[in-house]
Amino acid sequence: MSGFSAARQYMVDGQVRPSDVTDERILDAMLAVPREAFVPAGKQALAYLDLDLDVAEKGAGQRCLIKPALLAKMLQAADIKNTDRVLIVGCATGYAAAVVSRFAAEVTATESDPALASKAAAALAQLGAQNVTVRTAAAADGDAAGAPFDVIVLNGATEIIPTGLYAQLKEGGRLVGVFALSQPPRASLVTHFNKDYGHRELFDGTAPVLPGLERLPAFVF
């Protein structure tokens, strides 16, 4: 077993499974997708650590692959079916999209940084992920032209209620992400039923806030 293969196995066995992730499709996808392919060459040794891994170009701000266990737990909560159309918001270099592509029908991945979107498209193409489309778009914008979606996954946290993304959910659709509306931040599941949106907190979790989903600074007198 190669070094990266062994690290991938340890990530699943040492981080993901102990986090109560039992969906074999997610476990198999994380064992199959080479996370190092979505990480800059100088950081590939960090690809399988339990951390939010910054993959942005130097000076371009922080853009991360969120912690593997957090991603896996959110995907499990989203209950993605093999017929679902999924939107990944803030895909960075595309790792989450690659994982989801292995058990969803179709994936659209958006990224606000054009350079990262280009890297995501190249990495996904190299892996033969033919059911993934990468688009450059602000996190709050989602992909209105491609909506509605069965599932929307935030590859990061939001400090605001992303109502524009809610509107892109199908009836019965689910949105999952880390909501940093208060402390502590919590991963939550939003469901769309009967023109209303239910919000259920899942577990405490932290992730970098996606650009464009930050809380506006309060005015101070």
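Biologist: Which residue in E7 is the bridge partner of Ile152?
Modeller: In this predicted model, Ile152 has Leu175 as its bridge partner in E7. The two strands concerned, E6 with residues 149-158 and E7 with residues 169-179, pair in the parallel sense, and six bridges join them.

Biologist: And what lies across E6 and E7?
Modeller: Helix H3, residues 68-78, lies across E6 and E7 and also across strand E8 (186-193) and E9, and it runs at about 155° to E7. Helix H5, residues 114-126, packs on the sheet as well, where it touches strand E4 (106-111) and E5, and its direction makes about 170° with that of E5.

Biologist: OK, the sheet itself: in what order do the strands come?
Modeller: The order is E5-E4-E3-E6-E7-E8-E9, seven strands in an open sheet with mixed pairing. Strand E5 (132-136) and strand E9 (196-204) are the edge strands, each of them pairing on one side only. On average, neighbouring strands of this sheet are turned by 15° against each other, if direction is ignored.

Biologist: Is E3 buried or exposed?
Modeller: Five of the five residues of strand E3, residues 85-89, are buried, so E3 is largely enclosed by the rest of the structure. Arg85, Leu87 and Val89 point one way from the strand, while Val86 and Ile88 point the other way, and all are buried.

Biologist: How many bridges does E3 make with E4?
Modeller: There are five bridges between E3 and E4, which pair in the parallel sense, and within that pairing Val86 stands opposite Val107 in E4.

Biologist: Back to H5, then. Which of its residues are buried?
Modeller: Leu116, Ala117, Ala120, Ala123 and Leu124 are buried in H5. When one looks down the axis of H5, these buried residues fall within an arc of 130°, so they line one face of the helix. On the other side of H5, Pro114, Ala125 and Gln126 are exposed.

Biologist: What covers that buried face?
Modeller: The cover over the buried residues of H5 includes helix H4 (95-101), E4 and E5. As for its length, H5 has 13 residues and reaches 18 Å from its first C-alpha to its last, close to the 18 Å expected at 1.5 Å a residue.

Biologist: Changing topic, what do the buried residues of H1 pack against?
Modeller: They pack against helix H2 (24-32), H3 and H4, and the residues in question are Arg8, Met11, Val12, Gln15 and Val16. Helix H1 covers residues 3-16, and its 14 residues reach 19 Å from the first C-alpha to the last, close to the 20 Å expected at 1.5 Å a residue.

Biologist: Which residues have the most contacts inside the largest nonpolar core?
Modeller: Those are Met30, Leu75, Ile80, Ile88 and Tyr95, in a core of 52 residues. Leu75, for its part, touches Ile26, Ile80, Val99, Val100, Phe103 and Val153, leaving aside residues up to four places away in sequence. Another core, of 14 residues, lies apart from the largest one, and among its members are Val89, Ile152, Leu165 and Leu175.

Biologist: Last one: where does Ala77 lie, and what does Ala77 touch?
Modeller: Ala77 lies in helix H3 and touches Leu189 and Leu202, again not counting residues up to four places away in sequence. Ala77 has a relative accessible area of 22%, and is therefore partly exposed, since buried means under 20%. Between Ala77 and Gly146 there are 69 residues in sequence and 23 Å in space, C-alpha to C-alpha.

Conventions:
Residues are numbered from 1 along each chain as its sequence is written. This is a predicted model: local features need pLDDT of at least 70, side-chain atom pairs count only at pLDDT 80 or more; totals for chains, interfaces and linings use all residues. Side-chain values use heavy atoms; hydrogens and water are left out. A nonpolar core is a set of buried Ala, Val, Leu, Ile, Met, Phe, Trp, Tyr and Cys residues joined through side-chain atoms within 4.5 Å. Buried means under 20% relative accessible area, exposed over 50%, partly exposed in between (1.4 Å probe, protein chains only). Contact means heavy atoms within 4.5 Å. Two strands pair if DSSP finds at least two bridges between them. Helices (H or I, at least four residues) and strands (E, at least two) are DSSP runs, numbered from the N terminus. Axes are lines fitted to C-alpha atoms, for helices over the stretch in contact, and angles run from 0 to 180 degrees between N-to-C directions. The expected span of a helix is 1.5 Å times one less than its number of residues. The arc is that of the directions from the helix axis to the C-beta atoms.
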